[in-house]
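Okay, thanks for making time, everyone.

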Amino acid sequence: KKIEKEIRTVISSESKLKLSQLFSFHDYSEFLSGSSQFNIEFILPGYIRGRSLATAKATIESQLKGTSIQLFSPFKKDSKSEIPFKLDLTELDKKNQFKFVYGDILRGRLISRGDKLAGYVIAGPKKQSVSVQANQIKLIGSFEEMDFRNLSKFKLNPNSLSDNLFTIDNLNIGQMKLSSTVIIDTDIKMNPSPSGPLFTLENRDFVGSVLLKNNQEIDLKLDFLRLNIDETQENNFFVSIFNTINNPISFSVENLLMGSKSFGNWSFRLLPSKDSLALLDIQGSYGRWGVAKNKDNQKSELLITKNSFGWDSRLETRVFSGSPEKAFKQIGLDLNSSIGVVEFYPDIKWQGLPWDFKFNRIVGEVGLSIEDITIQNKDADIETPNNLLRLISIFNVTDTFEKVTSLDFRKLYRSGFTADKVEGNFYVDSKSVQTIDPLLFKSGSSEFKWIGAVTKDKNGKFKSINDFLNRVNPK
């Protein structure tokens with residue numbers, strides 16, 4: 001039977017409306033203001049025997065002049081500018097098609113059939129080839145920039161990305177703005193996971209993943225991170241981090257680079273609060289040095305606190321090395337000694353940010369543990385031996401040992417000094433280093449203890465010993 005031409009009813013209207021009146025934007029309506037001229041057209045099918053049914057369709061168009069959208073870039077617009085907006089809703093063959101255009105910024109197509117939804121969203125003006133699976137909405141394309149500096153006020157909910165529906169495939173962002181930091185040319189992918197949306201990031205300065213957990217915490221794991229900052233930018237870089245972070249972050253990086261120099265692998269939990277930033281459970285390695293909790297699983301943390309005059313830093317951790325000679329040589333010190341293991345337990349604070357650390361400005365306690373130490377005296381004049389041997393001579397070891405044992409240690413001392421273990425606790429301030437617990441030397445069945453203080457000059461250098469050798473207790 002011949003089907004005649006479709007019969008349809010067209011209803012059109014031009015009205016000045018608020019964008020929030022047409023669509024439900026839930027928590028984002030507060031960022032929309034003003035009104036614009038909208039062209040609205042409805043096409044309704046006519047029901048006449050012998051005629052095919054027309055497709056039901058609704059079209060909404062506007063240049064959005066007069067509407068202000070105070071979202072983050074690139075979606076932001078002022079009331080005077082124009083951005084072409086078009087929305088088509090079509091019903092055909094028991095499915096609904098939703099097509100939209102927002103200038104050159106976003107365009108997309110979504111199709112729903114029953115409780116199934118699939119489609120794509122394209123960022124930017126370039127043509128894209130995209131394939132979409134059932135129950136999947138895929139974002140591809142590129143943004144010239146995205147401004148995340150005030151992202152927290154928009155109350156974005158990562159749980160909305162965890163429904164196994166929305167994915168990101170090869171999205172490029174030319175510039176990501178984070179406070180005073182700009183990240184250039186980043187490729188992003190995202191797939192949902194039971195714990196939250198998992199992003200993979202690739203950039204000339206970092207490669208890794210970001211998991212936005214359902215509990216609002218962030219898990220950031222990087223293969224490498226290159227920081228291209230000099231001493232004049234360090235404070236601005238920290239302030240950028242401090243002002244940007246609002247959620248707890250678990251951070252790890254396999255290779256931290258400053259320019260072309262590697263500073264090892266590091267991990268910690270970053271906990272922000274109103275006036276402080278805490279790095280908890282710090283663990284890492286730099287060359288022959290390691291940082292971690294001690295064997296009793298105590299703290300390994302750096303606390304940075306804001307005050308009326310600037311910043312204060314406090315470090316409590318364990319710093320250790322299983323190759324001390326190489327470790328000290330790495331920081332420019334030649335020990336002239338053989339040491340099995342060295343461990344320091346600082347609980348110290350200083351004014352300023354972490355990189356403002358200076359030995360003559362710290363205050364606090366430092367524990368020391370050394371195993372299997374042998375100090376070789378390479379100098380002919382034992383009155384002026386170098387490095388750690390100078391400290392041993394300051395203790396006046398030979399004279400004291402002779403008094404308590406009636407033995408001649410001068411020949412032995414000229415060839416070196418050996419101990420199975422050296423341990424103690426010190427209090428450090430700008431003027432001196434003094435023992436809290438006696439510095440204990442263990443060798444075989446003997447133990448020797450020292451207490452006292454070493455004074456420092458204004459530059460932090462040792463200048464004199466104040467009764468450092470107070471008692472010796474051979475076991």
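So, where does Ser313 sit? Ser313 is in strand β24, residues 310–316; strands here are DSSP E runs of at least two residues, helices are H or I runs of at least four, and both are numbered from the N terminus. This is a predicted model, where local features need pLDDT of at least 70 and side-chain atom pairs need 80 or more, while totals for chains, interfaces and linings use all residues. Residues are numbered from 1 along each chain as its sequence is written, and side-chain values use heavy atoms, leaving out hydrogens and water.

Back to Ser313: it's buried, at a relative accessible area of 1%. Buried means under 20%, exposed means over 50%, and partly exposed is in between, with a 1.4 Å probe and protein chains only. Its side chain reaches the backbone oxygen of Gly352 at 2.7 Å. Leaving aside residues up to four places away in sequence, Ser313 touches several others, including Leu302, Ile304, Trp350 and Pro354; touching means heavy atoms within 4.5 Å.

Now over to Phe42, in strand β3, residues 36–45. Is Phe42 buried or partly exposed? With 40% relative accessibility, Phe42 counts as partly exposed.

Zooming out, the protein has six helices and 32 strands. Of its 475 residues, 38% are buried. And if you take contacts with a separation of 6 or more, 48% of them are between residues 24 or more positions apart.

Key: Polar contact = N/O pair within 3.5 Å; in protein donor to acceptor, adjacent residues only side chain to side chain.
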